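I am keeping these notes as I go through one structure, one look-up at a time. Each entry says what I looked for and what I found.

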Amino acid sequence: MAQPDQKKFFENLSGAGKAIAVLTSGGDAQGMNAAVRAVVRVGIYVGAKVYFIHEGYQGLVDGGENIEEAKWESVSSMLQVGGTVIGSARCKEFRTHEGRRAAALNLVLRGITNLCVIGGDGSLTGANLFREEWSGLLDELVQQGKIDKESAEKYSHLNIVGMVGSIDNDFCGTDMTIGTDSALHRIIEVVDAIVTTAQSHQRTFVLEVMGRHCGYLALVSALACGADWMFIPEMPPADGWEEQMCTKLSENRARKKRLNIIIISEGAIDTSNKPITSEHIKDLVVKCLGFDTRVTILGHVQRGGTPSAFDRILASRMGVEAVLALLEASADTPACVVSLCGNQAVRLPLMECVQMTQEVQKAMDERKFEEAVRLRGRSFENNLNTYKLLAHRKPQSELPISSFNVAVLNVGAPAAGMNAAVRSAVRVGITEGHKIFAVNDGFEGFAKGQIKEIKWGDVGGWTGQGGSLLGTKRTLPAKHLEKIAEQMKANQINALLVIGGFEAYLGLVELLAARGKYDEFCVPIVMVPATVSNNVPGSDFSIGADTALNAITDTCDRIKQSASGTKRRVFIIETMGGYCGYLASVGGLAAGADAAYIFEEPFDIRDLQANVEHLTAKMKTSIQRGLVLRNENSNENYTTDFIYQLYSEEGKGVFDCRKNVLGHMQQGGAPSPFDRNFGTKIAAKAMLWISRKLKETYRKGKVFANTDDTACLLGMRRRALVFQPVVELKNETDFVHRIPKEQWWLKLRPLMKILAKYKTSLDVSESGQLEHVVRHRRPIESEGVPA
């Protein structure tokens with residue numbers, strides 16, 4: 001890895017004289033186009049020639065018009081389109097030696113020795129075999145007189161970089177594959193729609209989702225919608241499951257739950273490796289319980305539709321990383337895949353990933369299901385463990401005996417996913433044996449005594465609800481400390497879980513400062529970040545930000561469509577975020593904006609002028625539209641109105657302008673699958689931490705916790721969820737502007753500029769190291785330790 005003092009910049013890498021080809025292969029996945037767009041534009045940016053290979057490996061074998069040089073404008077308007085614009089096809093010829101020889105000839109004739117393959121494990125394995133045979137194939141072509149010796153020497157080795165495009169998320173070594181998040185969006189949209197009809201008629205729905213060999217989609221959608229039962233290939237149900245499932249469904253009905261949802265992966269099996277089908281489940285429920293039961297098979301709906309914001313950003317980041325890996329590759333570099341681990345782009349040897357992916361199938365064939373789950377990796381195992389914690393309510397007799405009371409509250413502005421976090425915290429807390437108290441309306445409600453015990457059934461159906469069902473306020477505790485302490489004493493509260501944004505963080509700082517005066521605050525306190533602004537120190541992500549990004553991206557897609565129709569039009573869009581430019585910057589990357597103005601990156605009249613000139617030049621090309629985002633507090637003088645008027649005046653005769661303030665629509669709506677899942681997992685982890693701290697700090701019949709490590713913020717840091725003492729985060733915070741002093745996403749801004757054809761500087765010092773696939777061991781639970 002590059003040392004900090006040896007910074008590596010993208011613009012210093014040259015692609016001159018190099019040719020890169022990009023192809024999509026296997027099943028299509030939303031986001032593939034974003035990856036193709038990034039490869040093409042970044043390749044052209046560094047001076048390389050970039051080629052499309054149409055129809056996957058079939059196009060590579062057939063050659064001719066299937067291999068076409070790409071221009072900057074060729075990938076315009078691709079970002080928001082699902083599937084793959086350059087086509088994908090299964091290809092029998094490429095599996096033969098002759099087919100690969102024909103493919104090699106087609107590449108050599110065009111001087112292409114860098115291949116970027118976007119597909120699943122089959123496609124990537126084929127690419128690796130092609131690379132291994134390359135020199136032999138060239139020798140054969142020389143012998144056949146199809147190429148000369150000079151060409152064979154000049155193009156003597158083939159570099160290959162893979163990106164995994166697969167909605168199943170079945171590739172080991174990466175947390176998320178391109179298309180998975182969008183497929184989850186399609187599933188959750190269907191589940192949310194089904195919930196309303198099922199409740200009307202008191203029905204049971206069996207939903208079959210894709211995943212022949214991998215249960216990721218079924219698992220995460222079951223987590224995200226609070227399904228009653230789930231079937232996945234990696235965890236066949238134990239013998240006697242039929243009776244257990246029917247008992248659970250009837251118990252839920254007896255508790256006045258008007259619907260049941262069962263999610264089944266298309267590859268679900270029992271312990272004897274026999275398939276479990278959706279029709280079999282339906283017949284079982286009808287026969288045993290007589291419930292009105294319907295089956296919905298989602299099928300190819302899951303592959304369709306527009307890519308989510310997450311998939312566009314993931315694919316764009318991976319596309320840049322892929323070009324970088326190709327530029328740096330040598331004859332000795334093994335073929336690699338670029339992927340995501342936590343929040344960090346990594347490069348992994350392609351065949352190590354393929355090997356481990358095949359080992360999962362082998363373990364399942366041998367019925368070593370626990371081993372299969374472990375091989376699937378950290379993300380899969382964490383999801384499964386959280387599902388097990390939340391899915392089945394244990395009888396009272398099986399719960400640990402605890403005399404602890406834990407209060408849960410929301411603080412700050414509403415954020416989609418808060419309710420999923422509350423549900424998760426309540427149910428995990430009850431499973432841990434605690435009594436859980438819900439506080440309404442944040443610290444203000446706490447001071448007024450708006451607190452009552454909340455039970456397992458009270459949070460049923462909460463995951464899909466937007467906003468905050470507990471009620472939330474921005475009020476800080478400092479003015480109400482005495483009353484809050486009284487309420488904590490009266491209700492014997494032994495721990496606090498605060499779910500909220502920057503106000504929640506400030507609230508924890510104030511409670512911590514008051515520990516010396518009030519013993520009531522000497523209890524374990526943990527905060528889970530939830531705000532659309534994503535401005536809480538100590539965490540790369542906060543609950544609600546992904547839903548807001550999708551709202552921005554959807555609106556920008558519609559606006560771009562409108563601008564394309566009218567031609568020569570520039571839209572200026574104002575986003576939320578306070579002083580934090582996350583939504584404007586990352587929304588800009590996901591929507592394909594030309595510029596994004598933020599507070600963290602000061603700009604002046606010269607920058608505005610340069611942007612106008614850039615757009616004027618753009619209007620002379622075939623892409624006659626512009627999209628500019630502005631964070632609401634990016635500059636007190638250069639307001640949205642000012643920028644709109646400036647652009648209107650300067651663009652006279654070339655383009656006209658429109659402006660749009662997105663406002664509170666960014667806070668509303670049903671939570672995205674990411675926010676539901678993230679909220680569920682992070683709150684469950686926070687509650688387990690509370691249980692551990694309560695045991696550690698319980699002395700002589702009471703809880704007393706006054707050390708720094710008993711008031712923590714649980715945040716996502718690069719590759720892990722980490723508990724960080726709030727005291728330690730103070731130095732990382734700009735309290736005046738309510739933002740962290742350092743923000744990871746600022747590194748993505750040059751990426752947006754490059755993809756919008758600006759010359760800029762991109763620091764890639766953290767890229768370039770080839771890592772190895774780590775076999776996942778059991779997570780170690782402790783502060784600051786990845787899990």
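Which side chain does the side chain of Thr 475 meet in a polar contact of 2.6 Å? I looked this up in a predicted model, and the partner is Glu 444.

**Entry: around Thr 475**

I then placed Thr 475 in the chain, and found it in the loop that runs between strand 15 (472–473) and helix 16 (481–490). When I set aside the neighbours within four places in sequence, I found Thr 475 in contact with Phe 443, Glu 444 and His 480. I also checked a distance along this part of the chain: Thr 475 and Ala 490 are 15 residues apart in sequence, and their C-alpha atoms are 22 Å apart in space.

Next I traced an open sheet of seven strands, whose order is 3-2-1-4-5-10-11 and whose pairing is mixed. Strand 3 (67–69) and strand 11 (344–349) stand at the edges with a single partner strand each, so one side of each has no neighbour in the sheet. From one strand to the next, the twist averages 25°.

I followed the pairing from strand 4 (residues 114–119), which runs parallel to strand 5 and is joined to it by six bridges; here Leu 115 stands opposite Ile 160 in strand 5. Strand 5 and strand 10 also run parallel, joined by three bridges, and Gly 162 has Val 337 in strand 10 as its bridge partner. Strand 10 (residues 336–341) pairs with strand 11 in the antiparallel sense, over six bridges, and I noted Cys 336 opposite Pro 349 in strand 11.

I looked at what lies over this part of the sheet, and found helix 11 (residues 350–365) across strand 5 (159–164), strand 10 and strand 11, running at about 85° to strand 11.

How many of the six residues of strand 5 are buried? I counted six of the six, so strand 5 is largely enclosed by the rest of the structure. Asn 159, Val 161 and Met 163 point one way from the strand, while Ile 160, Gly 162 and Val 164 point the other way, and residues on both sides are buried.

I went on to Ser 166, which lies in the loop between strand 5 and helix 6 (180–201). Ser 166 counts as buried, because its relative accessibility is 9%. Leaving out neighbours within four places in sequence, I listed its contacts as Ala 29, Thr 177, Ile 178 and Thr 180.

**Entry: salt bridges**

Side chains of opposite charge can pair when their charged atoms come close. I searched the whole structure for such pairs and found 31 salt bridges.

One of them joins the side chains of Arg 100 and Glu 133, at 2.7 Å from N to O. Arg 100 is in helix 3 (residues 97–109) and Glu 133 is in helix 4 (residues 121–143), so this pair ties together parts that are 33 residues apart in sequence. Arg 100 and Glu 133 are both buried.

Another joins the side chains of Asp 557 and Arg 312, at 2.6 Å from N to O. This pair links distant parts of the chain, since Asp 557 is in helix 18 and Arg 312 is in helix 10 (residues 309–328), 245 residues apart. Asp 557 counts as buried at 13% relative accessibility, and Arg 312 is buried with a relative accessible area of 0%.

I also looked at Asp 604 and Arg 606, which form a salt bridge with their closest N and O atoms 2.9 Å apart. Here Asp 604 counts as partly exposed at 25% relative accessibility, whereas Arg 606 is exposed at 62%.

**Entry: helix 18**

Lastly I checked the length of helix 18 (residues 545–566), which has 22 residues and, at 1.5 Å a residue, should span 32 Å. Its end C-alpha atoms are 32 Å apart, which agrees. Helix 18 is followed by Lys 567, and I noted that the phi of Lys 567 is positive, near 65°.

Note on methods: Residues are numbered from 1 along each chain as its sequence is written. This is a predicted model: local features need pLDDT of at least 70, side-chain atom pairs count only at pLDDT 80 or more; totals for chains, interfaces and linings use all residues. Side-chain values use heavy atoms; hydrogens and water are left out. Helices (H or I, at least four residues) and strands (E, at least two) are DSSP runs, numbered from the N terminus. Contact means heavy atoms within 4.5 Å. A polar contact is a pair of N or O atoms within 3.5 Å; within protein, one must be able to donate a hydrogen and the other to accept it, and residues adjacent in sequence count only if both atoms are side-chain atoms. The expected span of a helix is 1.5 Å times one less than its number of residues. Two strands pair if DSSP finds at least two bridges between them. Axes are lines fitted to C-alpha atoms, for helices over the stretch in contact, and angles run from 0 to 180 degrees between N-to-C directions. A salt bridge is a side-chain nitrogen of Lys or Arg within 4 Å of a carboxyl oxygen of Asp or Glu. Buried means under 20% relative accessible area, exposed over 50%, partly exposed in between (1.4 Å probe, protein chains only).
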